[in-house]
Amino acid sequence: MKYLYYPGCSLEGTAMEYDISTRALFDVLGIELVEIDGWTCCGASAAEAQSELLSIALPARSLAIAESMGTSIGDILVPCSACYLNLRRAAEETRKDPDLLARVNQVLEPEGLKLQGQKRVRHLLDVLSNDIGAMGLAEHIHTTMARYLVAPYYGCQCLRPYVVFDDPEAPTSMEPLILATGAGVHGWHMATKCCGASLMNIKPEVAQKMVAAILSGARGADAIVTVCPMCQVNLEGYQGRISRSAHRDLHLPILYLPQFLGLAMGIDRRALSLEMNLSNLSAFF
Amino acid sequence: MLSATGSPTVYPEEKAEDLLGPLQEKLCACIQCGTCTASCRNAHLMDFTPRRLWRLVLMGQTEEIFHSKTFALCSACYYCTLRCPRGLPLTDAMNLLKQLGAKKDVAGYRPNARFYGSFLDSVRRHGRINEVEFMRRYFILMKNPAIPIKFTPLGIRLLRKKKISMLPNKRKPEYPLDQFFQRVEKLENQQ
């Protein structure tokens, strides 16, 4: 089995441990990830706030390159939820609107690219839960994680607005994967509540309150697992400041899902880049 | 277009229908039920709730809309879009207001517009975001030393983890998109 792989900009920078652990996990699973040649930024939440055409054309560029790499490799796998949504939106909107597709292709044509709509865009969590599944993981699990209670955090953009692989209000796709490691699942109501996304940079006082509510909801759990670099940095980057404003200790380990699954699969901690996380992961060393 | 006090002026050269027309088309089936407001994590911070904002859009109340903080507080969680009983693309509507707010250089939206503008400048130059360059550009545009000071603790931790670097990374591949952006701009202006 092979996937086309779109890491996205965060995974080359502040979220490099998400890239490293995803690759390590798929290596053990025996699944090849073929990086899209010369992919470029998906536009994040910036393009859609500046120009409608740019917000479709930017991700469409990487989709068109992916199509040019042939049909022998399957779907496009995307670990970042914002990249996933932007690529998916470009694919879905150009499929619905031939005029938009023509305009996008007008932008792409001078580079020798043409979008045809042949590729499916899949989130990492979708692939892990549907293509591999808890049963597929179970045979690779060597270390029980039974002493941990884990809070699955889904965030927004892998679930909404496109309802693809899970319930957008009450998702459960991470639970069988966590249970397969022997760990328990923390039941909570904050799993789909927004972390503030880029408001953390523009209006930090607003976003830090949003994160405080999420961290408070996870009290009792040993860790939160995430599937998005924006959620991850918002949940772990400001815990000291948030604890001081909330007048209580809200520090909590935050891991990317492939890091947590990788630990259960016996992958070396360095190969999962646990030392790169901003939250204190000493409970996992 | 701004008055000396930095607040947006009325746009006499543009009728509200011309400015808000595409948005009014998207929202004309709104029944004012308020599901969007009830679903919004940030509604309590907004001067106009999302429901009231949609009504203002349909009434063509340009002044009130661009004076309000509402669309600058949208974090694109898509709950309103998911739950709208009329199936209206409400997050996209917020994005359209963000685009207009940036184009009109509306005072209340300026920090957001500068943040996203700095981001896209970096993408235009390199094809992929250079996080240090982008934040540095944002700090310069904001001309407020308190902003970079707030980011310093996180910046130091990211530097220590070698996740960001103050030096340009010569080994990183570059995919300049200046001509790509120019083609998008040209096509958009033709409309």
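Visitor: How do the elements of chain B run from the N terminus on?

Guide: In this predicted model, chain B has 10 helices and zero strands. Read from the N terminus on, the elements of chain B therefore contain no strand by the run-based assignment used here, and their order is α-α-α-α-α-α-α-α-α-α.

Visitor: What share of the residues of chain B count as buried?

Guide: A residue is called buried when its relative accessible area is under 20%. The C-alpha atoms of chain B fill a box of roughly 55 × 40 × 35 Å along the principal axes, and of the 191 residues of this chain, the share that count as buried is 49%.

Visitor: Over which residues of chain B does pLDDT stay under 50?

Guide: The mean pLDDT of chain B is 91, and 92% of its residues reach 70 or more. Where pLDDT is low, the predicted coordinates should not be read in detail. That caution applies to a stretch of chain B for which the model has 17 contacts beyond four places in sequence, and where pLDDT stays under 50, namely residues 1–7.

Visitor: Does Asp75(A) count as buried or exposed?

Guide: Asp75(A) lies in the loop between α2 (52–68) and β3 (76–78) of chain A. Apart from residues up to four places away in sequence, Asp75(A) touches Tyr3(A), Leu4(A), Arg120(A) and Arg122(A). Because its relative accessibility is 16%, Asp75(A) counts as buried.

Visitor: With which side chain does the side chain of Asp75(A) make a polar contact?

Guide: Among the residues that Asp75(A) touches are Arg120(A) and Arg122(A). The polar contact listed for the side chain of Asp75(A), at 3.2 Å, is with the side chain of Arg120(A).

Terms used:
Residues numbered from 1 in each chain as written. Chains lettered and ligands numbered in written order. Predicted model: local features only at pLDDT ≥ 70, side-chain atom pairs only at ≥ 80, totals over all residues. Heavy atoms only, no water. Helix = DSSP H or I, 4+ residues; strand = E, 2+ residues; numbered from the N terminus. Buried < 20%, exposed > 50% of the residue type's maximum accessible area, 1.4 Å probe, protein only. pLDDT = per-residue confidence, 0-100. Contact = heavy atoms within 4.5 Å. Polar contact = N/O pair within 3.5 Å; in protein donor to acceptor, adjacent residues only side chain to side chain.
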